[in-house]
Amino acid sequence: MDFRTGAKLGGYLSRDYAESFFKLLLDYKDISASEAASRLNIHINTSQEFLEALVSLNLVEKNEVYEGKRPYFRYSMKTARITIDIDLHSLKTPEPSPQPSEKFREAKGADARFVVSRNKSSIGSVIVWTGRGRSREERRINLTTAQGSFLFHLPFPDGEPQGIEEIMKRANIGGEYLSEIQDLMKFLRQYNAVE
């Protein structure tokens, strides 16, 4: 299941009436939204929304029936077991490898400040400013150890730009940190803190 489906299911499972609703669905062969609402003492719209969500999650089956000429829906459980299995790797944004010609250095006159950490051998955080005048806002980004070491070795504004992999090598950062370094550089580029 994808993350959004899992989040939707988790949201419905966390409702205060969810456990009672599932017990009801297991005890009854099938039930209508109004029957469930009256049994659980909840609003019929709440009952209807919950049941429709369970249908969309493929946990409950919905069948149209007729009472005289008037149609309505009855709901029944399709399964008595719910498993939430989300592959979080699907959330990772694939980043292209840095281009050999792509080089970076700290931007001249940037609206950013690189704050040196207490040990004086890495950057602990980056502060960027947005807006002008009274609407100017500060945003502080705390860095991972690898990111802090990378930025500590980033060339100064008057230095010769270098590639990401070259800076990582100088900073003694392993390749497993490449994606978080790329994410940081993408962020800093948005704020014109690097060039």
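**Salt bridges and ring pairs in a predicted model**

Mentor: Glutamate 195 and arginine 105 meet through their side chains in a salt bridge, 3.0 Å from N to O. This is a predicted model, in which local features need pLDDT of at least 70 and side-chain atom pairs count only at pLDDT 80 or more, while totals for chains, interfaces and linings use all residues. Residues are numbered from 1 along each chain as its sequence is written, and side-chain values use heavy atoms, with hydrogens and water left out.

Trainee: Why is glutamate 195 described as partly exposed?

Mentor: Buried means under 20% relative accessible area and exposed over 50%, with partly exposed in between (1.4 Å probe, protein chains only). Glutamate 195 has 39%, and therefore counts as partly exposed.

Trainee: How do the two partners aspartate 30 and arginine 74 compare with these limits?

Mentor: Their closest N and O atoms are 2.7 Å apart, in a salt bridge. Aspartate 30, at 24%, is partly exposed, whereas arginine 74, at 14%, is buried. Shared partners join Lys29, Asp30, Glu35 and Arg74 into one network of salt bridges.

Trainee: How do you know that the charged end of lysine 62 sits over the ring of phenylalanine 73?

Mentor: The rule asks for NZ of Lys or CZ of Arg within 6 Å of the ring centre and within 35 degrees of the ring normal. For lysine 62 the distance to the centre is 4.2 Å. Lysine 62 also forms a salt bridge with glutamate 52, at 3.1 Å between the closest N and O atoms.

Trainee: Why are the rings of phenylalanine 22 and phenylalanine 50 called edge-to-face?

Mentor: Rings of Phe, Tyr and Trp (its six-membered ring) pair if their centres lie within 6.5 Å; planes under 30 degrees apart are stacked, over 60 edge-to-face and the rest tilted. Here the centres are 5.9 Å apart and the planes at 70 degrees, so the pair is edge-to-face.

How values were computed
Salt bridge = Lys/Arg side-chain N within 4 Å of Asp/Glu carboxyl O.
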